[in-house]
Amino acid sequence: MLVTENATTDAPRHASFAIPAAPESVGLARKMTEIVLHAWTSPVDDYTTTIVLSEVFTNALLHGVDPSSGVAARIAVDLVETTTGLHVEVHDPNQGKRGNVAVSHATAQSESGRGLELVAALSASWGCKHTPAGKLVYFDMLAPVFEQGGDGPAAHVVNRRDLRYPASESRMPHPKGGSL
């Protein structure tokens, strides 16, 4: 595992890590991202950020890595603090399915295919770029914007932690109402 972080005070903070393309690495990517956000005391919601990261990282693992190739693939994650929040990139070798990454509209009976809907719903923006080394999927998370009001600061961004269902329910809340 490789972890780097810049330490200059005038540049945006940036952290990178590359981990083996393996199912257990999804949890490791989440944990490493939480550690970075905590160390930076980032105002970005770490719970929502790690949900989005999990979906993008899992897609990279499922669609960007060919386990039959015999190549020990790695998936890299770059975190960049921005003036409005956080920019995240997940790089894979794009050994699997080629083509554009797009939101699919799963049916009620589908057991998969909702991950990018979740990414689109929870991130401020997202996209995909093909690179000489493979492909990268990126997303941006916004920090809460505080505005001084009559009685003090007021946040304009809902903390998604407050929207979680009890563990007994299998639905994820949809930010525009209803459920996914």
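Predicted model: local features only at pLDDT ≥ 70, side-chain atom pairs only at ≥ 80, totals over all residues.
Visitor: In what order do the elements of the chain run from the N terminus on?
Guide: The order is β-β-α-α-β-β-α-β-β-β-β. That comes to 3 helices and 8 strands. Residues are numbered from 1 along each chain as its sequence is written, and side-chain values use heavy atoms, with hydrogens and water left out.

Visitor: What span is helix 1 set against?
Guide: The expected span is 1.5 Å times one less than the number of residues. Helix 1 (residues 25-39) has 15 residues, for which 21 Å is expected. From first C-alpha to last, helix 1 reaches 21 Å, close to that expectation. After helix 1 comes T41, with a positive phi near 45°.

Visitor: Which residues of helix 1 are called buried?
Guide: S25, V26, A29, M32, T33, V36 and L37. Buried means under 20% relative accessible area, exposed over 50%, and partly exposed in between (1.4 Å probe, protein chains only). I35, H38 and A39, on the other side of helix 1, are exposed. Across the chain, 34% of the 180 residues are buried.

Visitor: Why are the buried residues of helix 1 said to line one face?
Guide: Down the axis of helix 1, they fall within an arc of 135°, so they line one face. The arc uses directions from the helix axis to the C-beta atoms.

Visitor: How do the axes of helix 1 and helix 2 cross?
Guide: They come within 9 Å and cross at roughly 145°; helix 2 spans residues 46-63. Axes are lines fitted to C-alpha atoms, for helices over the stretch in contact, with angles from 0 to 180 degrees between N-to-C directions. The crossing of helix 1 and helix 2 is right-handed.

Visitor: Which residues of helix 1 meet helix 2?
Guide: S25, V26, A29, R30, T33, E34 and L37, with partners in helix 2 including L53, F57 and L61. Contact means heavy atoms within 4.5 Å.

Visitor: What is the handedness of the crossing of helix 2 and helix 3?
Guide: Left-handed. That term applies if the near helix is turned anticlockwise from the far one by less than a right angle; clockwise is right-handed. Helix 2 and helix 3 (residues 115-122) pack at about 145°, with axes 9 Å apart. Among the residues in contact are I51 and V52 of helix 2 and L118 and V119 of helix 3.

Methods
Helix = DSSP H or I, 4+ residues; strand = E, 2+ residues; numbered from the N terminus.
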